[in-house]
There are 2 protein chains.
Amino acid sequence: DDQFDVGKEKAKVCMTCHGENGISSIESYPNLRGQKMTYMISSLKSYQSRERSGGLAVLMHQQADALSEQDIADISYYYSKLGTDSE
Amino acid sequence: DDQFDVGKEKAKVCMTCHGENGISSIESYPNLRGQKMTYMISSLKSYQSRERSGGLAVLMHQQADALSEQDIADISYYYSKLGTDSE
């Protein structure tokens with residue numbers, strides 16, 4: 001599944017905080033494993049638009065700002081498939 | 001586990017959108033099953049403080065506004081345990 005592999009590559013930077021298998025080791029950072037793709041896309045965009053601000057959201061602003069529309073789709077696709085049988 | 005049972009009761013209202021087992025049936029609504037407790041608490045509070053605004057966040061404002069600090073803790077505890085062996 002090409003998009004899964006492409007997304008996995010692009011998600012390398014996410015793994016530092018969100019864990020290598022999408023389960024974060026830090027209590028205040030969300031698990032992303034198997035999360036809904038559409039939700040992840042809208043979340044990443046709300047960091048870009050600053051509709052999510054304050055607190056830990058600020059950490060995500062710089063991360064999200066570095067992502068193109070295609071990056072967001074690929075990374076969100078990857079996490080949505082992680083841990084499901086269609087990995 | 002009392003807090004799990006109390007949280008489950010309080011989470012009844014969440015199940016409509018987030019699914020009975022924490023896996024939502026709607027692509028734009030996040031799965032909450034096994035999510036990090038601390039992250040869920042800060043997310044719910046950021047809806048209350050409106051640090052999360054725009055788009056679908058608006059739906060969550062009224063939900064979060066109805067919750068006390070204890071409700072938030074219990075519901076977040078419940079979801080963090082859901083699907084783990086310490087259910």
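Buried, in this briefing, means under 20% relative accessible area. Asp71(B) is therefore buried, because its relative accessible area is 16%. Please keep in mind that this is a predicted model. Chain B and chain A meet with 20 residues in contact on each side, and 10 salt bridges are found over all chains. The points below walk you through the interface, the charged pairs, the aromatic rings and a few individual residues.

**Where the two chains meet**

- The size of an interface is often given as the accessible area lost when the parts come together.
- For chain B and chain A, the buried area is about 1,700 Å², and carbon and sulfur atoms give 42% of that area.
- Salt bridges between chain B and chain A number 0, while 14 residue pairs are in polar contact across the interface, with both residues at pLDDT 80 or more.
- On the side of chain B that touches chain A there are 7 nonpolar, 9 polar and 4 charged residues.

**Salt bridges**

- Side chains of opposite charge can pair when their charged atoms come close.
- The structure holds 10 salt bridges over all chains, and one of them joins Glu69(A) to Lys45(A), with the closest N and O atoms 2.7 Å apart.
- Glu69(A) sits in helix α5 of chain A and Lys45(A) in helix α3, so this pair ties together parts that are 24 residues apart in sequence.
- Glu69(A) is exposed, at 57% relative accessible area, whereas Lys45(A) is partly exposed, at 32%.
- In chain B, Lys10(B) and Asp71(B) form a salt bridge whose closest N and O atoms are 2.8 Å apart.
- Because Lys10(B) belongs to helix α1 of chain B and Asp71(B) to helix α5, their pairing ties together parts 61 residues apart in sequence.
- Over in chain A, a network of salt bridges links Lys10(A), Asp71(A) and Asp74(A).

**Aromatic rings**

- A pair of aromatic rings is described by the distance of the centres and the angle of the planes.
- There are 4 aromatic pairs over all chains, among them the tilted pair of Phe4(A) and Tyr78(A), with 4.9 Å from centre to centre and 50 degrees between the planes.
- This pair links distant parts of the chain, as Phe4(A) is in helix α1 (residues 2-10) of chain A and Tyr78(A) in helix α5 (residues 69-81), 74 residues apart.
- Phe4(A) is buried, at 7% relative accessibility, and Tyr78(A) is buried too, at 1%.
- In chain B, Phe4(B) and Tyr78(B) form a tilted pair, at 4.9 Å centre to centre and 50 degrees between the planes.
- Phe4(B) lies in helix α1 of chain B and Tyr78(B) in helix α5, so their pair ties together parts 74 residues apart in sequence.
- In chain A, Phe4(A), Tyr78(A) and Tyr79(A) form one aromatic cluster.

**Loop residues to look at**

- Arg50(A) is in the loop between α3 (37-48) and α4 (57-65) of chain A, and its phi is near 70 degrees, a positive value in a residue other than glycine.
- Arg50(A) is partly exposed, with a relative accessible area of 37%.
- Arg50(B) lies in the loop between α3 (37-48) and α4 (57-65) of chain B; its phi is near 70 degrees, and it counts as partly exposed at 37%.
- Gly19(A) is found in the loop between α2 (12-18) and α3 of chain A, and it counts as buried at 11% relative accessibility.
- Leaving aside neighbours within four places in sequence, Gly19(A) is in contact with Cys14(A), Ser24(A) and Tyr79(A).
- Gly19(A) and Tyr29(A) are 10 residues apart in sequence, with their C-alpha atoms 9.5 Å apart in space.

**A buried histidine**

- His61(B) lies in helix α4 of chain B and counts as buried, at 9% relative accessibility.
- A polar atom of the His61(B) side chain is 2.6 Å from the backbone oxygen of Arg52(B).
- Beyond its neighbours within four places in sequence, His61(B) is in contact with Tyr47(B), Arg50(B), Arg52(B) and Ser53(B).

Conventions:
Residues numbered from 1 in each chain as written. Chains lettered and ligands numbered in written order. Heavy atoms only, no water. Contact = heavy atoms within 4.5 Å. Buried area = accessible area lost by both parts, 1.4 Å probe. Salt bridge = Lys/Arg side-chain N within 4 Å of Asp/Glu carboxyl O. Polar contact = N/O pair within 3.5 Å; in protein donor to acceptor, adjacent residues only side chain to side chain. Nonpolar A, V, L, I, M, F, W, Y, C, P; charged D, E, K, R; others polar. Helix = DSSP H or I, 4+ residues; strand = E, 2+ residues; numbered from the N terminus. Buried < 20%, exposed > 50% of the residue type's maximum accessible area, 1.4 Å probe, protein only. Phe/Tyr/Trp six-rings, centres within 6.5 Å; stacked < 30°, edge-to-face > 60°.
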